[in-house]
Amino acid sequence: MKEAILSGSIKPGDQIVESRIAHQLGSGIPLVREALIELEHQGFVQKTPYKGTIVTKLGPREIREIFQLRVELEALALEWAHDNVTPADIKDLQKLIGKMAQSAEELNLDQFYESDLEFHRKLWDMAGNSYLSDALERVVVPLFAFFVMKTRREKESYIESAAMHAKIVEALAVKSALSCAR
């Protein structure tokens, strides 16, 4: 199903009918439901009670609203993460940046976005506030999935993105080194 979404054969905004998908794939409805739960977690689909499941579709207004909220919430998460950072956290973040950089070089966009999202989730967790992490998860994950579905940029922009993430980690590492020296 993810391949069908990424290839565009199932388009943003399309309704997902579990029984039809199960029939097309030659599998059972429970397996389709399980896959939809995972796709929802990844932000590729959105479930609405009593309405069903649709492929994530974001218009310009929704994207603008998400970015506005994301900027504020991630700045807060970064500020709080700064207070909690450990040398082990820095190593974890650096590994994720390495994965992003390698994916950028190979233009493996699925892996790039997966590593990018994992990087952000690590920062959110470092903030030490599960409610903030949950809010960011709800707001940002559909945005990541939407960009995986809808954007293809030049290789250099992905490499540059990984480098910008590295600068965030460098700033956090300074704090971590200072706390270790005390």
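Modeller: Helices (H or I, at least four residues) and strands (E, at least two) are DSSP runs, numbered from the N terminus. This is a predicted model, in which local features need pLDDT of at least 70 and side-chain atom pairs count only at pLDDT 80 or more, while totals for chains, interfaces and linings use all residues. Residues are numbered from 1 along each chain as its sequence is written, and side-chain values use heavy atoms, with hydrogens and water left out.

Colleague: Which residue just after helix 6 takes a positive phi?

Modeller: Glycine 128 does, with a phi of about 80°.

Colleague: And how many residues does helix 6 have, and how far does it reach?

Modeller: Helix 6 has 18 residues and reaches 25 Å from its first C-alpha to its last, close to the 26 Å expected at 1.5 Å a residue. The expected span is 1.5 Å times one less than the number of residues.

Colleague: Which residues of helix 6 are buried?

Modeller: Buried means under 20% relative accessible area, exposed over 50%, and partly exposed in between, with a 1.4 Å probe and protein chains only. In helix 6 the buried residues include Leu109, Phe112, Tyr113, Phe119, His120 and Trp124. Phenylalanine 112 has a relative accessibility of 0%.

Colleague: How many aromatic pairs are there?

Modeller: Rings of Phe, Tyr and Trp (its six-membered ring) pair if their centres lie within 6.5 Å; planes under 30 degrees apart count as stacked, over 60 as edge-to-face and the rest as tilted. By this rule there are three aromatic pairs. One of them joins phenylalanine 112 and tyrosine 113, edge-to-face, at 5.7 Å centre to centre with 85° between the planes. Another joins phenylalanine 112 and tyrosine 158: the centres are 5.0 Å apart and the planes stand at 75°, so this pair is edge-to-face.

Colleague: What does the pair of phenylalanine 112 and tyrosine 158 tie together?

Modeller: Phenylalanine 112 lies in helix 6 (residues 109-126) and tyrosine 158 in helix 8 (residues 155-181), so the pair ties together parts that are 46 residues apart in sequence. Tyrosine 158 is buried, with a relative accessible area of 0%. Ring pairs link Phe112, Tyr113 and Tyr158 into a cluster.

Colleague: Turning to the sheet, what is the strand order?

Modeller: The order is 1-3-2 in an open sheet of three strands, with antiparallel pairing. Strand 1 (15-16) and strand 2 (45-48) are the edge strands, each pairing on one side only. Two strands pair if DSSP finds at least two bridges between them. Strand 3 has two bridges with strand 1 and four with strand 2.

Colleague: What lies between strand 2 and strand 3?

Modeller: Three residues separate strand 2 from strand 3 in a hairpin, and tyrosine 50 in the turn has a positive phi of about 70°.

Colleague: Is threonine 53 buried or exposed, and what is it in contact with?

Modeller: Threonine 53, in strand 3 (residues 52-55), is buried, with a relative accessible area of 4%. Its bridge partners include isoleucine 16 and lysine 47. Contact means heavy atoms within 4.5 Å. Leaving aside neighbours within four places in sequence, threonine 53 is in contact with Asp14, Gln15, Ile16, Leu36, Val45, Gln46 and Lys47. Thr53 and Val55 make up the covered face of strand 3, and Gly52 and Ile54 the uncovered one.

Colleague: One last topic: which residues of helix 5 are buried, and which are exposed?

Modeller: Asp89, Ile90, Leu93, Leu96, Ile97, Met100, Ser103 and Ala104 are buried in helix 5. Seen down the axis of helix 5, these buried residues fall within an arc of 145°, so they line one face of the helix. The arc is that of the directions from the helix axis to the C-beta atoms. Lys91 and Lys95 are exposed on the other side of helix 5.
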